[in-house]
Amino acid sequence: MSADSGWTRSRWLSWHSLAVFAFLYLPIVTLIVYSFNGTGVGGFPPRDLTLNWYRQLFADGAIWTSVANSIVVALAAMVISLAIGIPAALALDRGHFPGKALFRRLVLLPLILPGIITGLSLLMLFRQVGLRLSLLTIILGHGTALISVATAEVFAGLQKLERAQEEASLDLGANYWQTFWRVTIPNLRLSIIGAALLIFTLSLDEIAVSFFLIGRDNTLPLEIWGRLRRGITPEINAISTIIFLFSLFAIVAWYRLRVAAQGKAEIGTELAEAAATTG
Amino acid sequence: MFSRSYRAAITLPPLLWVTVFLLVPYAIVFFYSFWSVSPGQAIVHSWTLNNYCELLRVGVYLQTLFRSMWIAARVMILSLLLGYPLAYHLSFHAGKRKELFYQLVIIPLWVSYLVRAYAWKTILGSDGVLNTLLQYVHLTSHPWNFLLYSPFAVVLTLTHIYTPFAFLPIYASLEHIPRDLVEASNDLGAPPLQTFWRVILPLSIPGVVAGATFAFVLSLGDFLAPLLLGGPSGIMISNIVVSLFGAAYNWPLGAAISFCMLLLVVGLLFLSERLERKWAFR
């Protein structure tokens, strides 16, 4: 088909795509390059290449404390959003109950809702019930916001699941509990691992919800945020580079899992469904 | 095939969680918006419409809301202009490299918001990468101070962040277009441009609507990019909410703005759903 489409048109399209990719990646490349720059975060051309900022970073106790906090938060948020998101996906797939359409919209809403609303409304809830802000409140916030991701991912996996297998298991005398653990969950394995990976990465990077639910202990993005307001050094480029490399690894792994689970990693469809669900 | 107890077991825990952590908090925002703050900074739990009156009476709230919508509209249009041709190119002309290119778009989608916003700050600053580059090649002798701390910086950064969001649903809708329709149009002698306008574009409208909704709604509620890159002229509505919940300490007024934003977002989602259904071809 591309043979009959005009030569100039596809050439124009290629240039456009190249420009968009440059726009998406140049800032990230710049960030990485300047993490090795001896003379600060600006200044062209980069000069005095050095590893000093990384040395400074590895000796920076406050950063690593916040990294540890972020990992605890991400793991706990992952457990919550999977524990609620997997049954939520099952309920959307096979449950019949009044208000199902509303339930579906509510579960998926945080995916499209600006983080400030999720963060603020939870802040008001915690204040109403007298819960002090701490890592726990951030965990509850991330867990709640990311149920949407777990639900969307697992629901997509369920669409590929052969229901006959579950039926066979029930016919052969296994109860629902056994069928759930031995048939349903193993079949959804790849979707669940993929969702877990994505939730972990998103929680690690999350800042808008955490901004409102932070207690005395900082997560990594909030630690960086605090420093940004005081002035910037390439040490922030160095930690950003590490965050980027970690995210890159996690996302590519998630993508591979997604392709393995479903043949195609078309995440746009569910995102679109989240935006406008028909219920 | 599924028993009632099984259905209850998969339905009740998520239903309960969603009620406690989403529905109840939204209700609290709603109630708070009718309360007020006493001079001694205590929350007064008696009902009043004063907060909503204040939003209409004091010009700065509506002005900032309109500025935020204007910024969000620009981000939306730019994201579509960048995202649509890219999605079209990938879907119809990328050949074997489709998979790789697709991954290259979704990587920035999930990579830290903060890292990317920070990158733009280091590029746009008066002694940032771009200004020193311009001076290095003698395009200018003085740094361009208007780049950072301006609505321009906010629009640029948010466009960078939300272009992949706009791209995804468009790409998905293009991928779902049956290729025989396109071939039929070509076989019947339509020039490529006509095939695009009459066949491909109309069939991809649901994706465009979804992508536009993402870009508009998410940038409308953003408060971190304006704080980091916006300066005084780039303040958005969420920044006012943040200050009302912080230093300005007026939670009820902040709640009133938040509730209006929630209504606006839900209204836009509803509208986009109607539009998508109207244009859906299945």
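**Entry: helices 8 and 9 of chain B.** I began with a crossing: helix 8 of chain B and helix 9 of chain B cross in a right-handed way. A crossing is called right-handed if the near helix is turned clockwise from the far one by less than a right angle, and left-handed if anticlockwise. The helices (DSSP runs of H or I, at least four residues, numbered from the N terminus; strands are E runs of at least two) span residues 179-187 and 192-220. Their axes come within 10 Å and cross at roughly 150°; axes are lines fitted to C-alpha atoms over the stretch in contact, and angles run from 0 to 180 degrees between N-to-C directions. On helix 8 of chain B I found Leu181(B), Val182(B), Ser185(B) and Asn186(B) in the contact, facing Thr195(B), Val199(B) and Ile200(B) of helix 9 of chain B. Contact here means C-beta atoms, placed from the backbone, within 7 Å.

**Entry: where the model comes from.** I noted that this is a predicted model, in which local features need pLDDT of at least 70 and side-chain atom pairs count only at pLDDT 80 or more, while totals for chains, interfaces and linings use all residues. Residues are numbered from 1 along each chain as its sequence is written, and chains are lettered from A and ligands numbered from 1 in the order in which they are written.

**Entry: chain A.** I looked up the secondary structure of chain A and got 13 helices and 0 strands. Of its 279 residues, 51% count as buried, that is, with 20 or more other C-beta atoms within 10 Å of their own C-beta, placed from the backbone (12 or fewer is exposed, in between is partly exposed).

**Entry: helices 3 and 9 of chain A.** Helix 3 (residues 61-94) and helix 9 (residues 189-205) of chain A pack at about 140°, with axes 8 Å apart. The two are therefore oblique to each other: under 35 degrees is roughly parallel, over 145 roughly antiparallel, 65 to 115 roughly perpendicular, and the rest oblique. This crossing is right-handed.

**Entry: between the chains.** How many residues does each chain give to the contact? I read 84 from chain B and 79 from chain A. Helix 1 (residues 4-32) of chain B supplies the largest share of chain B's side, 18 residues.

**Entry: helix 11 of chain B.** In this helix (residues 237-245), 7 of 9 residues are buried, among them Ile237(B) and Phe245(B). The buried residues pack against helix 5 of chain A together with helix 3 and helix 12 of chain B.

Notes
Contact = placed C-beta atoms within 7 Å.
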